[in-house]
Structures are given as C-alpha cells and as structure tokens.
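Visitor: I'd like to learn how to read a structure like this one. Could you walk me through a few features?

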Amino acid sequence: MIEKDIDIAVIGAGPAGMAAAISAREKGVKDIILLERNPFLGGILIQCIHDGFGLHLFDQNLTGPEYAEELIQHLIKAKVPFLTEAMVIDINAQKEIRVVSRQGLLKLKAKAIVLAMGCRERTRGALEIPGTRPAGIFTAGVAQSLVNLQNLKIGKEVVILGSGDVGLIMARRLKIEGLKVLRVIEKLPYCSGLVRNRVQCLRDYDIPLHLSSTVIDIHGKDRLEALTAAQLNEKGEILYDTAEVIPCDTLLLSVGLIPENELSRKAEVRLDWRTLGAEVDDYVETNTPGIFSCGNVLHIHDVADYASQEGFLAGERAACRVRENQGKVLRFPVNASKEIKYVVPQLIREDCRETELKFRVTEPFENIRIIVKNGGETLFRKKFLKIMPSEMNMVKISSDKPLDKVYVELEKTEIA
Amino acid sequence: MNKIFDIIIIGAGVVGCSIARELSRFKLDLMVIEKEEDVASGISKGNSGVIHAGYHKEPGSLKATLNVAGHRYFQEWGEQLDFPVKFNGKLVVAKVKEEVEGLRKLMERGRKNGVKGLELIDAQQIKNFEPRVEGIAAMYSPFSGITSPYLMTIALAENACRNGVKFEFEQEVNAISRVNNLFRIQTAGNQEYYSRWLINSAGLNSAKVSRLICHNKHRIFPCRGQYYLTDKIDDLISMLIYPLPSKDGVTLGIHITPTVDGNILIGPSAEYIDSLEDTACTREVMDKLKREAEQFLPEIREAPFIRNYAGIRPKLFYPGSGVNDSDYIIEEDSEIHYMINLIGIESPGLTAAPAIADMVVNMVGEKEDLVLNDQFCPERKAPLIFAQQSEADQARLIQDDPAYGEVICRCETVTRKEVIEAFDNILGVRSLDGLKRRCRIMAGRCQGGFCTTRIVEILRDEYGLSPEQIFKSNFQSPLFYGRVKDD
C-alpha cells in the first residue's frame, strides 16, 4: 500500500477531468494526479466515433477520439501525471482517496479534489417497464461501446426508446452498419435530443420518430421477440387502444443520463435534487471545501466542449485553493421561476461580480424572453423564438454589486 | 452401454441440490439433470430468500414440520458451505384492530409448530425496532431470517460436485421408461441416462415429469409472484416486514424484505397464470406492489428501483376449488418403485430444503444399505469478495494477484479476479446471469452499463469465447449476432 500527500487529485479523465488537470497544471500546480478507471484516457469520447466535437473549444469539427487526442496532447505537453486502470473506490470529506489498480492500493490525501466522474445511463429497471427480461435490451451508450469498440453486432431489428442524443446517434450508427432500425419512440411530444441530431441522424436516414409514445410491454423469454408500444395522451397516460406489437430482437434505451455521484456522497458533498449533481458555487466548489465538481457529474451537458470548459474552471479554482486557504465566505443562492428546471451554479460567492449561469427549461417555450435580475437590476434580457429543454442556456452576468439576489425567469413576448 | 447411476435427480433447484449434497455423504453414483443452463434457474431464483421460522403452516403438515426442521440447519449449513445467512427477525404487522386477532392466531399456530421466541408487540415497540414502519401491533419473530436462495443452491451444488455428483445442464427430460429394473431417462438433447433410483425434484415441471412414467393425477397450477428490487439503501429497515397472510391462504402477502446484499425486495404478488414459464411483470401488479408496501413503509416511495422480476409458485390447488392449502407431495410412487416424487414444493420450500433432503435420504435408506463415503467433505468455500476485505488485506491481495486490482464492476466493486473465480468454479458457468449470481457483476444500480463491455473482453481474452458464445441465460438467449465488420 502506498500512502501519499498530493496537491490535486482529479477523478475521471473524460472531457471535463482532462481539462481540469490541464488547467490546474498550467496554473502552476505540479503535484497533481489524474485518475482514470479505463485503460485509456478520454472516457466516453473514445466510443463517440461520430463528429460534432470541438466546434466551440477548438473551432474544428472533430470526432470524439480526435477531440480526446487534442486534450491528451495538451496533457502530455503540460506533463500532467495520470494513472489509468485506476478505480477510486473510496473518498471522504477529509479529501482522502482510496484507489485500486493493478499496481496496488494507493491512498492519497489531497489538498483539493476535482470530481469529474461523468454520468451513467438510466436503465430499464429505473424506467419500470413491464414484461419479460430477455437478452437484447441495451442502454444506448453500452450499445455504442459494444459496436464501436468491440465490433459486436448487437441485433438485427432494433427499436430505440427515448430520443436522447446517444439514442439518435446510435440509430444512425446501426443503420449504417446494416441493422434495421424500425423506429425511435419518445414519450414526450417533442424530441429530447439536439435538433442537429434529429436532422442528421433520423431525418437523413429515414428513421421514423414516434412522439408521445412509449413501450408498455416487452415480450420474449430468452431473446427479445417483440415490444408493445402505445401512444400517450396530453397527460402522459397510456392510450391502450393504440397498442401495437412491434416484432424486433433489440431494444436500445436512451432515456436519460444520471450524474454518477456515489463517490461525491461519500465525501459529504451536498447534491441538488434537480440536477442530481453537486450543489456548487461560481467556482464550481461544493459544500465540502476543496472539492470541486465539473462535467456530466455536475449536470448533464449537451456537448463535450462545455464539459471541458467547466473542467478548465474547476482546475483553475482547485489550483487557487491549493495555494491559499480561504476564510469564511458567504454564498448567495441563485433562484429561478418554475419554468427553469435548474441553474448551475446554485450559489454565488459574495466577492463574485461576474459569472456564467447555465440552465435548462422544463419544457419547450416559444416567443419567450429570458431575464436575469439581481434584485432590482436587470443583468440579462434576451428574446428567443423557441427554447428547448435539450439545449443548455449559458448566460454571462456581471454587476458592480454583490450578486446576492440573482433570479432567472421567463417572460412571454408578443408574437413577432 | 451407458453408465448406470445409483440415483438420478431431476432438477437442480435448492431441493434437488440439497438432496444431491446429502446423498453424496454415501458411496453412491449420483447425477443431477437440469433443464436450464445453471442451478437455481427456476423457483429457487425467483423468491424472497426468506428463512421462515415456521408459524404459517398447519401443525402436523409436512410444510410445518419440514419448515421447522429445515430452519435448524441454516446456521450450520451457512458456515459449512459459506453462503450468506442472517437471522434479522421479522415483524408481522397489523394495520387495524381487527387484525390483532389474526396475530394471536399466528402465534398460537407457531407455538404448536414449536417455533420459539414469538412475541406480540405494540405500536411503540414496532417503532423501537423499525422507526419507519407503520402499524398498531405486530408479531415479532426473532428467528426469521434471510439467505440468498441462489447462492445457497450454488453452494450446495458445488459441494455435491466436489463430493462426486455429476451435473448435466440444458438437458430437459422428455421420456422416462423402465428397462431391466432400471430407469431410462431420455432428454430433448438426445441423451440417455440410466439409474436404479429416480428422484423427481423438477419444481414447476415436477408433475409433468412424474406423469412421464407414473399414473398419478398431480397437477401444478403456476402462481406468479412479481417483485420490485431497490438499490442498496441504508437505514430504511433491518427486519422483514410482513402483513397478515391473505385470508384465502394463497400467500403470505406482499412483504418488504431486505436482501443479504443490502437491497430491498417488495413482493411477491400472487396471480394464477396459464404458463409455467411466464415470468413477465405487469403494470397493474407493479403499481399494486408499491401501493401495498407504502402502507407499511411510506418512505419506500422514494426508493430508487433498479429491477423488476417474477418467480412462479408450484401450487397444487386453484383458488375457488374449495381448497385453501395443500401439503407437499414427497413420496415413492406406489406403482413405480424407486421413483420418488417431490411435487408442489412451494413456500416454505427454501427453508424446508435441508429437512426434505433428510427425508429423501431416509426413504432411500429404508430400501438400501447406505455406506458412508469416507471421502465426503462437508465444507465448501465461497470465492473471496474484495469489497468486503480490510484495506490492508485489499493491498495484500492485489500484491499477490494484480487481477484483484482491476475493478470490473463499479457499482458493486467486483474485480477481474472475482469474475475469473466465478467463471472457474467447479460447476462451470454458461451464462452472464450465472456470472451475475456468483459475483454480483451487472447486479448494481447501472445494471451492467459499465461492466458489460469489460466482461465480454474477459470472456474473450481468458476463455477464448467468440461473441456468438455469450448468452444471457440459456442457448436461446444470445447477446450478439457475430461481428459488425469482419476482421
């Protein structure tokens, strides 16, 4: 067993964790370690062989592995020490970490920790779909890894439940590989993935999207044989007379991502029930001093670039924390109207005069104005023709005064 | 000519494996034939895993006697065979005054059956035991407990195997005949086996198997029980929480059971169905399970659910037939000698299994001299669980074998070494479900999201399995149809 004191430990080497490690190193912290459970750096990026990465960060249209490679090159240049095939199995609020790897058990005591563990997919069990439990039901991300990294043919006739981005991307991917992709089924009356994915993955490949529908039964004892799908009314209730049996051998689930915060809980990090991620301030610091959170473990991002940007911020702030211990700091809550699903950060520090708010709406809105106020002062005001829950809104705000009464709201506008 | 076995047991559930293990104490050629790809693939995997104290069943019945007798074995078997056994106690909870009388009747029945320690407690005492449980009174049963029904069956089968019992899987028996005082057993896989004795512990299919040769009219009425399984939850309940048994006597009611792994089970429902194989879950019942559980434990509403499943009870009666309960059939057939049928072994069959095995050994012993096998080893060691070791031991384990340093399943912290050990057990593993039951991979909150790919890699790298050779359960349940692109 090796025991060691360290300045910064970053847990997870995906787009957020790698960025955090790079920025912490560039801020002058040398005694740092990036811990990754996979045998490679990059996290989920490596299985994302489609393009659309890097548009914001690198001004290029890259695939997942190419995007990861950009960051890995940065890491190497910056001489950031990393450990792959290393699983963090325990952590506590004193910032002690227990890591398991083939090299042995490693115990670290860190001055700062950046949590960047990413997310996991919602499973069939969490959806509580009735029916049998045959082979042939995969979450979309697992299917992506099996197809793209293991070269495995996961089925012949596929139905996809949920119009999340991974599901849309896999619909196209499987169609390209010659599988029959029968349809994508979404319980909401609108697509939950990005518009560009709906167009490029479904429309361009003639894959039907059935909105306001869901899977109500699963058939087949050994391998999946068929599904029963049905439409939903406006209240989301099942319309049983619309039930339709769809013969198929594979069901992919793309029904939501859940920030993977089991370790955060062990470190006594307070979670936000809306994001299922940590509650953070404008430094992305959690309630446990010296523990920062970024990327999909904090809240689910649309694109990797934004996760990396959050990682850069976390790394930079973790580096500051290593150098100076802060005294008591007041943090003011950010509030929002009920149409706003969540806002990150949830808290703003008393000395903060400028920050970026990230938030999503609960449902689609048209002809709407987003307004951010700080008490009587309006910090941001902008009209949108349409605003979707699938798109994360990012709004920069600044003021001369403390941001102690920040409030995000929507206002209906006249139809243009 | 095929080898002639002294005794063939049909069915590798907990009853068949208990019998096999107990018979392996003697010098006998034994074989177990199983329809599915693994042990505990029928009733023995789809139940609550409860070790019943024995107050439910009619005094004097086989169910009551074998339950109480079987219960006594669990401590010893758990230690000898290294499977989890926990006597965490049970509360049978009354919600209204009228039910208190029912509790008294249960206690009285328990006393007659020889169950110790039963106690009537009030609402305050319920709160002392289980602060989150709602009820006005309860019967406290300190010696009720839980086990893992499949780990118990696996332990028994491994120990039987170690003591010389042969196991054949994916061999569904479809014909039995008498040939020169021997049983000839033919399977759907075109295999033939011969034996002097035949023990039918085929569970749901026991009536069907017996009718292949016996002239009885036994019939199994499949009665499905659906369950909800939650993620691991600390501090919600520690004991088994039961309602009063249903008035029609069909079931013990929907209860809330902690599992030996720290999850919580809600169930089972009771629905008579047409098929012996229909383990599907249904919307109405799933909703009902939650509703009923909330009456006793309101906070279960917030629990994170990770899986639904169902098992099937082999009932010998149908509701409305005028019969409220029926006893186990454990007998040598009156015409077909040397054939022992075990039919209708439903709850408390798991608890009764050791005593059933005893009973069967005695039945065999009455007709033949059983000679002790001096090679018999009563012990079996379960594979080590990395997550349960101390920090120092974890460090030492990785140093001795780096495969302990490779965590394959994040949710349950299962290492590569544990996957390999599960795969390499003496009985072998032929399915991902078999691996899951043995080492808990894919059993956690992500249900295989992180580890499925890694397991496929291990099976390929360590055992040379091609994608087509990876099955969820039996040979009809492939995960993959080859490769996307040819190499």
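**Pairs, interfaces and cores**

Guide: Let's start with one pair: the side chains of B:Arg410 and A:Glu262 meet in a salt bridge, 3.5 Å from N to O. A salt bridge here is a side-chain nitrogen of Lys or Arg within 4 Å of a carboxyl oxygen of Asp or Glu. This is a predicted model, where local features need pLDDT of at least 70 and side-chain atom pairs count only at pLDDT 80 or more, while totals for chains, interfaces and linings use all residues. Residues are numbered from 1 along each chain as its sequence is written, chains are lettered from A and ligands numbered from 1 in the order in which they are written, and side-chain values use heavy atoms, leaving out hydrogens and water.

Visitor: Which residues are linked in a network of salt bridges with B:Arg410?

Guide: The general idea is that side chains of opposite charge can pair when their charged atoms come close. Here, the network links A:Arg37, A:Arg120, A:Glu260, A:Glu262, A:Arg265, B:Asp231, B:Arg410 and B:Arg445.

Visitor: How many salt bridges does the rule find across the interface of chain A and chain B?

Guide: Eight. Over all chains, the count comes to 69.

Visitor: How many residues does each chain bring to the contact?

Guide: Contact means heavy atoms within 4.5 Å. Chain A brings 48 residues and chain B brings 57. Buried area is the accessible area (1.4 Å probe) that two parts lose on being put together, summed over both. For these two chains that's about 4400 Å², with 55% of it on carbon and sulfur atoms.

Visitor: Back to salt bridges: what does B:Arg196 pair with?

Guide: B:Arg196 pairs with B:Asp6, and their closest N and O atoms are 3.0 Å apart. B:Arg196 sits in strand 12 and B:Asp6 in strand 1 of chain B, so the pair ties together parts that are 190 residues apart in sequence. Strands are DSSP runs (E, at least two residues), numbered from the N terminus.

Visitor: Is B:Asp6 buried or exposed?

Guide: Buried means under 20% relative accessible area, exposed over 50%, and partly exposed in between (1.4 Å probe, protein chains only). B:Asp6 is buried because its value is 18%, whereas B:Arg196 is partly exposed at 29%.

Visitor: How many residues are in the largest nonpolar core?

Guide: A nonpolar core is a set of buried Ala, Val, Leu, Ile, Met, Phe, Trp, Tyr and Cys residues joined through side-chain atoms within 4.5 Å. The largest has 68 residues, and A:Ile11 is one of those with the most contacts inside it.

Terms used: Helix = DSSP H or I, 4+ residues; strand = E, 2+ residues; numbered from the N terminus.
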